[in-house]
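Please look over the sequence and the structure shown here, and keep both at hand while reading the report that follows.

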Amino acid sequence: MNAKSAINKEIFAPHDERMLGAVQVKRRTKKKIPFLATGGQGEYLTYICLSVTNKKPAQASITKVKQFEGSTSFVRRTQWMLEQLRQVNGIDPNRDSPEFDLLFENAFDQWVASTASEKCTFFQVLHHTCQRYLTDKKPEFINCQSKIMGGNSILHSAADSVTSAVQKASQALNERGERLGRAEEKTEELKNSAQQFAETAHKLAMKHKC
């Protein structure tokens with residue numbers, strides 16, 4: 001089981017939530033955190049996770065999750081409701097870069113993702129989630145590449161694939177309907193021919209009988 005699947009199982013599933021996406025990060029600017037604030041556990045990995053409740057109405061949130069060195073378990077740290085997210089900064093709209101900033105009502109963090117592609121995937125899911133679950137006060141996405149906002153995003157590709165599949169299925173049904181229609185016409189022709197043959201045979205039989 002990979003780290004993200006384990007996080008979903010340990011952190012979110014017990015609270016009747018499901019994780020939509022996650023990105024492993026490090027701070028761009030180091031914060032001075034007291035030794036006791038980390039529980040005295042030393043180095044750790046950090047994940048920014050996006051989740052949604054299974055219970056309706058669904059509520060989305062962003063959670064900071066940590067895994068301390070030498071431990072196989074994960075720890076839930078800070079959590080924000082999606083409504084508290086004010087701005088998502090992609091840093092550079094002209095190239096793939098792992099850096100990004102998240103601005104909340106009461107917090108501001110500068111991050112570096114493990115890879116630029118992991119950041120891009122997380123941003124795509126985050127943008128889609130904001131559009132789906134927030135009716136107003138949507139966060140501002142700045143300095144983001146166009147593929148994150150739409151166009152070639154994995155979400156649009158998935159939607160295109162579904163649309164294509166539906167079109168192919170519809171076409172197959174239409175073709176099947178046409179074949180069935182032709183078969184029915186052929187059956188009707190054979191029926192008429194058989195009826196005509198029976199009538200002709202009956203007339204001949206009556207003629208010879210006379």
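This is a predicted model: local features need pLDDT of at least 70, side-chain atom pairs count only at pLDDT 80 or more; totals for chains, interfaces and linings use all residues.

## The enclosed space

The structure holds one cavity of 30 Å³ or more, and the volume of the largest cavity is about 60 Å³. Its lining is made up of Gly90, Asp92, Asp96, Ser97, Ala116, Lys119, Cys120, Phe123, Asn143, Cys144, Gln145 and Ile148. Helix H2, which covers residues 116-133, gives the most to this lining, with four residues.

## The cysteines

A search of the whole structure finds zero disulfides. Cys144, for instance, is in no disulfide, and the nearest cysteine sulfur, that of Cys120, lies 9.4 Å away, whereas a disulfide needs the two sulfur atoms to be within 2.5 Å. Both Cys144 and Cys120 are among the residues that line the largest cavity.

Cys144 counts as buried because its relative accessibility is 14%, and the cut-off for buried is under 20%. Cys130 is also buried, with a relative accessible area of 1%.

## A loop residue

Where does His15 have its place? His15 is found in the loop between helix H1 (3-12) and strand S1 (17-27), and His15 counts as exposed because its relative accessibility is 51%, the cut-off for exposed being over 50%. Although His15 and Asn54 are 39 residues apart in sequence, their C-alpha atoms are 9.2 Å apart in space.

Methods. Residues are numbered from 1 along each chain as its sequence is written. Side-chain values use heavy atoms; hydrogens and water are left out. Buried means under 20% relative accessible area, exposed over 50%, partly exposed in between (1.4 Å probe, protein chains only). Helices (H or I, at least four residues) and strands (E, at least two) are DSSP runs, numbered from the N terminus. On a 1 Å grid over the protein atoms alone, a cavity is a set of points where a 1.4 Å probe fits but cannot get out, and a pocket is an open set with protein on both sides within 12 Å along at least five of seven lines; lining residues have an atom within 4 Å of a point. Grid points are joined across faces, edges and corners, and a volume is the space filled by probe spheres set on the points.
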